[in-house]
Amino acid sequence: MNSQDFLKGKTILVTGAAGFLAKVFVEKILRIQPEIQKLYLLLRASNTDLAENRLRNEVFEIDLFRVLRAKWGENFSSFISKKVVAIAGDVAIENLGIKDEKLKREIFEEIDLLVHFAASTKFDERFDILMAVNTQGALHALNVAKNCKRIKAFVHISTAYVCGDAKDGDSIILRENPFEMGESLKGTSKLDIHEEMNLLERKLAELQAMNVDENTITCAMKDYGMERANLYGWPNTYTFTKAMGEMLLVHHKDNVPLIIIRPTMITSTNKDPFPGWIEGLRTIDSLIYAYGHGKVKCFLGNPKTVIDAIPADMVINCVITAIFIHSSNQRPKNFIYHISSSLRNPLKSSDLHNICHRYFMKTPCVNQNGKPIIISKGIPVNSFAVFNIYVLVRYVLLLMILNLVNKICRHSFQDVYEKNSRNLRMLQRLAKLYKPYVFFKSIFDDTNTEILRMATKGYLKMENEEFNFDPTSIDWTDYMMNTHIPGLIKYQTR
């Protein structure tokens, strides 16, 4: 029996169905197993009509589904309507915010698999939003899974960066270990999730009592989240709240068959359903995009740093394989999987810099006037101290001079001043957000994931290409030059 046969007749609930990775999962399931019983797709919406509109416009009409649309032709809409149910809900609310009691009962009776993709992935989002979605949302999804009578697997999509990084000195190997409740990345600090929630509510109440505007509250809540994350050793509020979500799941899972998937930096599809599909700017892509458009004249990151990237379709292949293995009689004891590349096929920052320079010299981006943007190689900025010196020389001194000239010459160079000021703010924001990743020192162990890969080559009758998630099969230069960067530019300019 293979995973495609296993999925036949199954009913799956997917949260966060309008998200980047969830779409790749939904597309793959519908394409490889059209005889799936049903897909319940949860989207954040206040009613079913709005959920269906979101599903149509943000999911099934996008380019990712072109292979599936071509396969079914004029029967595509009919196929989707038979297999897919849009659910209006919100993972930040108990029972995933599903108001329809009849629908809720159907879900509890029918669901075989629950795959929890829903998350807020902004590194610097408000603490209250990230806590509600990433931490409490995970527990809400688990509680729904506990009520599903036929549940065979509950899959939680996390991130490998919940593990943190080496604090000093040489790199370390980050293991596929679960978090214990109250664990922090700073051994001296005991984390109390309930107390964090109470502190958060008090902080929000204080701000509201001051009658400050919403923008002030947003900025304060972003800063507060980063402060609390850093206190316990996490680089940002996103990884902090995802780690707390994992803690709640492991602590409260009871008999639910839990699987936690921890991808690293997710990039465009490698092969499936076609190469190069991506949505949004994801981690390193912000730097690549800004570099290609001449907005940054440096390449931030230690040249020796390993950029741990993994294509989206490989992540989904790992998810499907893990579901199949854990639903079989051969259920492994391990349930956390790093889907990563740094251990087995490392891509160094210096290599990425060279690849990006080659690509944009060969295929330059164009400006608003349709003229090619000529980029320089740019200097590699291998530490944050060097970055601060670069910013001082390249921008701050220039802005001081331009400001003085504008005062003397009646703002003759105001456009130049504003452009450089915008570029400085963007560069500082990118540097602040991605500092933990472009200067990352550690390597992700993927022993559990390698065991899954071995299973696909052993007793499972699976085509290697159909469910490939082996990072050693990636030629980084070829993938970046011919798949990822072209896809990034194509889908960002639409």
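**Reading a predicted model**

Colleague: How many aromatic pairs does a search of the whole structure find?

Modeller: The search of the whole structure finds 19 aromatic pairs. One of these joins F60 and F76 edge-to-face, with 6.3 Å from centre to centre and 75° between the planes. This pair links distant parts of the chain, since F60 belongs to helix α3 (residues 48-60) and F76 to helix α5 (residues 76-83), 16 residues apart. Rings of Phe, Tyr and Trp (its six-membered ring) pair if their centres lie within 6.5 Å; planes under 30 degrees apart count as stacked, over 60 as edge-to-face and the rest as tilted. Helices (H or I, at least four residues) and strands (E, at least two) are DSSP runs, numbered from the N terminus.

This is a predicted model, in which local features need pLDDT of at least 70 and side-chain atom pairs count only at pLDDT 80 or more, while totals for chains, interfaces and linings use all residues. Residues are numbered from 1 along each chain as its sequence is written, and side-chain values use heavy atoms, with hydrogens and water left out.

Colleague: Are F60 and F76 buried or exposed?

Modeller: Buried means under 20% relative accessible area, exposed over 50%, and partly exposed in between (1.4 Å probe, protein chains only). F60 counts as buried because its relative accessibility is 6%. F76 is likewise buried, at 8%.

Colleague: Which residues do ring pairs link into a cluster?

Modeller: A pair of aromatic rings is described by the distance of the centres and the angle of the planes. In this structure, ring pairs link F127, F179, Y224, Y232, W234 and F240 into a cluster.

Colleague: How many salt bridges does a search of the whole structure find?

Modeller: Side chains of opposite charge can pair when their charged atoms come close. A salt bridge is a side-chain nitrogen of Lys or Arg within 4 Å of a carboxyl oxygen of Asp or Glu. The search of the whole structure finds 26 salt bridges. One of them joins the side chains of R126 and D128, at 2.8 Å from N to O. R126 counts as buried because its relative accessibility is 9%, and D128 counts as buried at 16%. Another joins R453 and D446, whose closest N and O atoms are 2.7 Å apart; both R453 and D446 are buried.

Colleague: What does the salt bridge between R344 and E450 tie together?

Modeller: The closest N and O atoms of R344 and E450 are 3.8 Å apart. R344 lies in the loop between β11 (336-339) and α13 (349-362), and E450 lies in helix α16 (residues 447-457), so the pair ties together parts that are 106 residues apart in sequence. R344 is partly exposed, at 32% relative accessible area.

Colleague: Which residues are linked in a network of salt bridges?

Modeller: The network of salt bridges links E27, K28, R31, D272 and E466. D272 also has a backbone feature: a cis peptide bond joins D272 to P273, with omega at about 5°. P273 is placed in the loop between β8 (265-267) and α11 (284-292).

Colleague: Which residues other than glycine have a positive phi?

Modeller: N95 is one of them, with phi near 60°, and L96 also has a positive phi, of about 60°. N95 is found in the loop between β3 (84-89) and α6 (101-110), and L96 is found in the loop between β3 and α6 as well. N95 counts as partly exposed because its relative accessibility is 29%, whereas L96 is buried, with a relative accessible area of 0%.

Colleague: How far apart in sequence and in space are Y437 and T283?

Modeller: Y437 and T283 are 154 residues apart in sequence and 8.3 Å apart in space, C-alpha to C-alpha. Y437 lies in helix α15 and counts as buried because its relative accessibility is 3%. For L343 and A229, 114 residues apart along the chain, the C-alpha atoms are separated by 27 Å. L343 lies in the loop between β11 and α13.
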